[in-house]
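Biologist: I'd like to go through this one with you and ask where the labels come from. Can you put it up on the screen?

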Amino acid sequence: MATGAAVISVCFPAWRRTEKTVCSGRKKLENQQEKRREEESCASSGPKVSVIMPVFNGERYLNECLDSVLSQTLLDIELICVDDGSTDGTFGILAQRAEKDRRVQIKHQENAGPGPARNCALSMARGQYIAFMDADDLYPEVDTLEQLYQSAVSHEAKIAGGYRMVFKNEETQNEVNDPVYKISEAFPEGGMISYYQTQTDFNYQCYIYDRCFILENNIFFPDYRRFQDPPFFVRAMCTARMFYLLPKPTYLYRWGHQTIQWTARKTTDMLRGNIDVLLLTKEYRLSELYRSCINRLATRYKEIILSQLSLTETESYLLTVARVCFFCNKKRGSRKGGAT
């Protein structure tokens, strides 16, 4: 079993405080937790669920998020928090929780983005299943993880999940346009269904994943600053082919406080992520997801691409997209009936 990944702990001169003390404290805490993980991995098979949470300057909602995870009725969990180079009070909040609750594990890394942070946590995780949480979001119920775990185990599912609720202006609402929500309405008893019935590439946090399945199939997050989760999610779903549908909300997404500062790097990474998904639609004949991805590039991301990239860069990426589309259509046309 993996007992941790080598991650560099650093001090940032910009903090203008007692860097030496902060660094030695971090190193001591990480060494203690590494020793604890080694001891526990030898003594047991690991917890039922490992909850993975990357955090970057997330102090505003972090305590509320931690409460939501640690108050779950499924007690046999571990919460792996990767501090992705935060410069606010994030690490202090995490350290306090780790002192009070042995289930909380902390890893600090230089700022590398959420993809590498989640991959780092995946290498540390010992749970039978993996869940993903963002530091500003919540679980909709105190027994969400327990219901997900029991559903996955009882049906021997590699992936199990439901749909997402949105928390906006102090109110919650279902995402009624989500294909998973629509299927849940029509299939209220739940059960094993094919990914071809949903063909969505968002809301990966609504699901739990068999850890051995993820590792054995080498399914990790690409090193993209934007759009790193859809390639992970689509590849996992396509590899599993089937998942257990729990016909209820399993993740509460906080909406409205985020402000994305688009850069050339984020824009090119977003395009790379979309190209990855398009290639998967070709490989697995996902016609609905293919159309959704093309439509998204032509509408939601059009102005971002034009404003952030040079004409030459834009032409280069759009040419790549066009080539992928050509081969997708050629392959689809050679198979009567398309995606099933």
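Modeller: Let's start with helix H8: at 1.5 Å a residue, its twelve residues should span 16 Å, and the end C-alpha atoms are 17 Å apart, which agrees. The expected span is 1.5 Å times one less than the number of residues. Bear in mind that this is a predicted model, where local features need pLDDT of at least 70 and side-chain atom pairs pLDDT 80 or more, while totals for chains, interfaces and linings use all residues. Residues are numbered from 1 along each chain as its sequence is written, and side-chain values use heavy atoms, with hydrogens and water left out.

Biologist: Why is H8 called largely enclosed?

Modeller: Buried means under 20% relative accessible area, exposed over 50%, and partly exposed in between (1.4 Å probe, protein chains only). Ten of the twelve residues of H8 are buried, so the rest of the structure largely encloses this helix. Among them are Asp229, Phe232, Met237 and Cys238. Just after H8, Arg241 takes a positive phi of about 70 degrees.

Biologist: How many aromatic pairs are there, and what makes two rings a pair?

Modeller: The count comes to 17 aromatic pairs. Rings of Phe, Tyr and Trp (its six-membered ring) pair if their centres lie within 6.5 Å; planes under 30 degrees apart are stacked, over 60 edge-to-face, and the rest tilted. Take Phe132 and Phe232: their ring centres are 5.5 Å apart and their planes lie at 80 degrees, so this pair is edge-to-face.

Biologist: Which parts does the pair of Phe132 and Phe232 tie together?

Modeller: Phe132 lies in strand S4 (residues 129–132) and Phe232 in H8 (residues 229–240), so the pair joins parts that are 100 residues apart in sequence. Phe132 and Phe232 are both buried. Another edge-to-face pair is Tyr163 with Tyr181, at 5.0 Å centre to centre and 85 degrees between the planes. Tyr163 is in strand S5 (residues 159–168) and Tyr181 in helix H6 (residues 179–186), 18 residues apart. Both tyrosines are buried too.

Biologist: Which residues do ring pairs link into a cluster?

Modeller: Phe132, Tyr204, Tyr209, Phe221 and Phe232.

Biologist: How do you know that the charged end of Arg226 sits over the ring of Trp262?

Modeller: The rule asks for NZ of Lys or CZ of Arg within 6 Å of the ring centre and within 35 degrees of the ring normal. The charged end of Arg226 is 5.5 Å from the centre of the Trp262 ring, and Arg164 sits over Tyr253 at 4.0 Å.

Biologist: Which residues touch the most other members of the largest nonpolar core?

Modeller: Met53 and Tyr209, out of 93 residues. Such a core is a set of buried Ala, Val, Leu, Ile, Met, Phe, Trp, Tyr and Cys residues joined through side-chain atoms within 4.5 Å. Not counting residues up to four places away in sequence, Met53 touches Leu62, Ile80 and Met133, among others. Met53 points one way from strand S1 together with Val49, Val51 and Val55.

Biologist: What makes S1 mostly covered, and how does S1 pair with strand S2?

Modeller: Seven of the seven residues of S1 (residues 49–55) are buried. Two strands pair if DSSP finds at least two bridges between them; S1 and S2 (residues 77–84) have seven, in the parallel sense. In that pairing, Val49 stands opposite Ile77. S2 and strand S3 also pair in the parallel sense, over six bridges, with Val82 opposite Lys107. Six of the six residues of S3 (residues 104–109) are buried, so S3 is largely enclosed as well.

Biologist: Where is Gln199 found, and why is it called buried?

Modeller: Gln199 is in the loop between strand S7 (191–194) and strand S8 (207–210). With a relative accessible area of 7%, Gln199 is buried. Gln199 has a positive phi of about 45 degrees although it is not a glycine. Asn203 is found in the loop between S7 and S8; its relative accessible area is 8%, so Asn203 is buried.

Note on methods:
Helix = DSSP H or I, 4+ residues; strand = E, 2+ residues; numbered from the N terminus. Contact = heavy atoms within 4.5 Å.
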